[in-house]
Amino acid sequence: MSDPHDWRPSAPLSALRARAQILATIRAFFAERAVLEVETPYLSSAGTTDPHIDSFELRFQGPGPVADHPLWLHTSPEFPMKRLLAAGSGPIYQLGRVFRQGEVGRRHNPEFTLLEWYRPGWDHHQLMDEVEALVQRVLGLASTAAERLSYAQAFQRHLGIDPHYSDSETLQQIAIERDPGVAGLQLERDGWLDLLLTHYIEPHLGVGRPTLLMDYPPSQAALARIRPGEPPVAERFELYIDGLELANGFHELGDAGEQAARFRAEQAARRAAAQPEVAADQRLLAALAAGLPPCAGVALGVDRLVMVALGASSLAEVVAFPLERA
Amino acid sequence: MASYSTNEFKRGLKIMLDGDPYAIIENEFVKPGKGQAFNRVKIRNLKSGRVIERTFKSGDTAEGADVVDVEMQYLYNDGEQWHFMHPETFEQIGADEKTVADAKVWLKEQDICTVTLWNGAPLTVLPPNHTILKVVETEPGIRGDTATGGSKPATLEGGAVVQVPLFINIGDTLKVDTRNGEYLSRAAKE
């Protein structure tokens, strides 16, 4: 299991120095822009209900009212940061570790450093401009603008299909045409979309210049607003560089009733798939009901940003002690 | 045989797929931040040697393949079958030409080989990395020429053809690397 000969960091010290410099650059970037650094709890009495994200569950042994209730390590600081926004904080950012159960690989580690920030009064387009500015600063890119590509355009360009109007069978057929080996997979419509995106589209995104992928199907809105239209789309975006997913942002959903409905739908999906139950964040719902200022927010994976900055191909090259050495 | 969840996938694990045994070469976890997780694995078909890629939904399972590597001593070839013996149980098995495949030219009686068994039947045979074989055919040697660095082909008992230095003669015994067919050195005279 644990091999004491692995005591050395997996990343070279030069990478750890570069990482420290990037953290300093990020803090300077937000200080110049008067965005307040905040810290919210890592351990919380509510977690994420997202069926695709699993949490680490712990127990506080007391004393006090929380004793013997489950607590979850946060998978992102989104909910308490929204409570700060509703309390009038103004623009805020947080740099810290988040934890995700079961995620490990070349591009995944169950704990990783997330940069998350919120801009009251902005929409996702304004926030995408700022994401671009930050990435340019950190990576020292020339001012090549990022490509902004809708989810529909990406599917049209790389697979020749419309992701909003193709049914599950069509998506499955397209996937099987490219790889007959996936014929036996049991996936929902969004699962087939994810398979096509990760296998056949992502590798082409952000090559030569960053790509901002936006306007997701409403079924993948997560915590984004849905813009009515034909088709309706979620005001959500993702940043890709060299095929690597770096950030996910939303024009944030502020409607407490809609948020509660999404929590219920996600909890139902978790139960149907026999996944562990996670308590929905009632304090977030109360904060939304009290009034979240219209805002946009984004979470960016800092370890992956360091990977891109250093041309590394695995997290182990930029993290001192990934899971195998932790 | 047990079945394995994608969580247990790792290099070297043997699994069944479409009726054939495979070994996992590479296992990549692929997951969009807000979406379905997959394991994209590179696997080798242990019958054909062909390497393919396969995508699993994370959490799905694959049946384990009853594939084991056993060290066995090569005994003899009866014209149809190559016979191997387990050095402890003395159990003997025969492998056909398709199974022995590329290994056959390197096999020498008494050598210990790695025989891969699938459900108890031989699937592949791996000769020792280094073996010693006699030269049965080559151009006459150039006496004393150990420095010019030239080479010539030599046929070894078993039939393998390797590039050897110019001073090598018929009847010399050579140490060769069976993985790449390279000459290593002249072995001590028997």
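Chain A and chain B bury about 1,900 Å² between them. Of this area, 54% lies on carbon and sulfur atoms. The model is a predicted one. The contact draws 26 residues from chain A and 16 residues from chain B.

The rule finds 9 residue pairs in polar contact between chain A and chain B, with both residues at pLDDT 80 or more. On the chain A side, helix 6 (189-201) and strand 11 (244-251) each supply at least two of the residues that touch chain B. Helix 6 of chain A gives the largest share of that side, 5 residues. By class, the side of chain A that touches chain B holds 8 nonpolar, 10 polar and 8 charged residues. Salt bridges were also searched for across the interface of chain A and chain B, and 2 were found. One pair that forms a salt bridge is A:Glu103 with B:Lys31. The closest N and O atoms of A:Glu103 and B:Lys31 are 3.7 Å apart.

Over all chains, the count of salt bridges comes to 27. Side chains of opposite charge can pair when their charged atoms come close. Within chain A, A:Glu32 forms a salt bridge with A:Arg137, and the closest N and O atoms are 2.6 Å apart. A:Glu32 lies in helix 1 (residues 13-32) of chain A, and A:Arg137 lies in helix 3 (residues 124-139) of chain A, so this pair ties together parts that are 105 residues apart in sequence. The two partners are placed as follows. A:Glu32 is exposed, because its relative accessible area is 55%, over the 50% cut-off. A:Arg137 has 37% relative accessibility and therefore counts as partly exposed.

Helix 3 of chain A takes part in another such link. The side chains of A:Glu132 and A:Arg148 meet in a salt bridge, at 2.9 Å from N to O. Here A:Glu132 sits in helix 3 of chain A and A:Arg148 in strand 7 (residues 147-150) of chain A, so the pair ties together parts that are 16 residues apart in sequence. A:Glu132 has 15% relative accessibility, under the 20% cut-off, so A:Glu132 counts as buried. A:Arg148, at 28%, counts as partly exposed.

A further salt bridge joins A:Glu238 and A:Arg236. The closest N and O atoms of this pair are 2.7 Å apart. A:Glu238 is buried, with a relative accessible area of 2%. A:Arg236 is buried as well, at 3%. Salt bridges also form a network in chain A, which links A:Arg33, A:Arg119 and A:Glu130.

The cysteines were examined next. A search of the whole structure finds 0 disulfides over all chains. A:Cys295 has a relative accessible area of 1% and is therefore buried. B:Cys113 also counts as buried, because its relative accessibility is 0%.

Backbone geometry was then inspected for cis peptide bonds. The bond from A:Gly62 to A:Pro63 is cis, with omega near 0°. A:Pro63 lies in the loop between strand 3 (57-59) and strand 4 (70-73) of chain A. A cis peptide bond also joins A:Glu230 and A:Pro231, where omega is about 0°. A:Pro231 is found in the loop between strand 9 (226-227) and strand 10 (233-241) of chain A.

Positive phi values were considered as well. A:Asp215 has phi near 60°, a positive value in a residue other than glycine. The place of A:Asp215 is in strand 8 (residues 211-216) of chain A. A:Asp215 is buried, because its relative accessible area of 13% falls under the 20% cut-off. In chain B, phi of B:Phe90 is near 60°, again a positive value in a residue other than glycine. B:Phe90 lies in the loop between strand 8 (82-85) and strand 9 (92-95) of chain B. With 54% relative accessibility, over the 50% cut-off, B:Phe90 counts as exposed.

Conventions. Residues are numbered from 1 along each chain as its sequence is written. Chains are lettered from A and ligands numbered from 1 in the order in which they are written. This is a predicted model: local features need pLDDT of at least 70, side-chain atom pairs count only at pLDDT 80 or more; totals for chains, interfaces and linings use all residues. Side-chain values use heavy atoms; hydrogens and water are left out. Contact means heavy atoms within 4.5 Å. Buried area is the accessible area (1.4 Å probe) that two parts lose on being put together, summed over both. A salt bridge is a side-chain nitrogen of Lys or Arg within 4 Å of a carboxyl oxygen of Asp or Glu. A polar contact is a pair of N or O atoms within 3.5 Å; within protein, one must be able to donate a hydrogen and the other to accept it, and residues adjacent in sequence count only if both atoms are side-chain atoms. Helices (H or I, at least four residues) and strands (E, at least two) are DSSP runs, numbered from the N terminus. Ala, Val, Leu, Ile, Met, Phe, Trp, Tyr, Cys and Pro count as nonpolar, Asp, Glu, Lys and Arg as charged, and the others, Gly among them, as polar. A disulfide is a pair of cysteine sulfur atoms within 2.5 Å. Buried means under 20% relative accessible area, exposed over 50%, partly exposed in between (1.4 Å probe, protein chains only).
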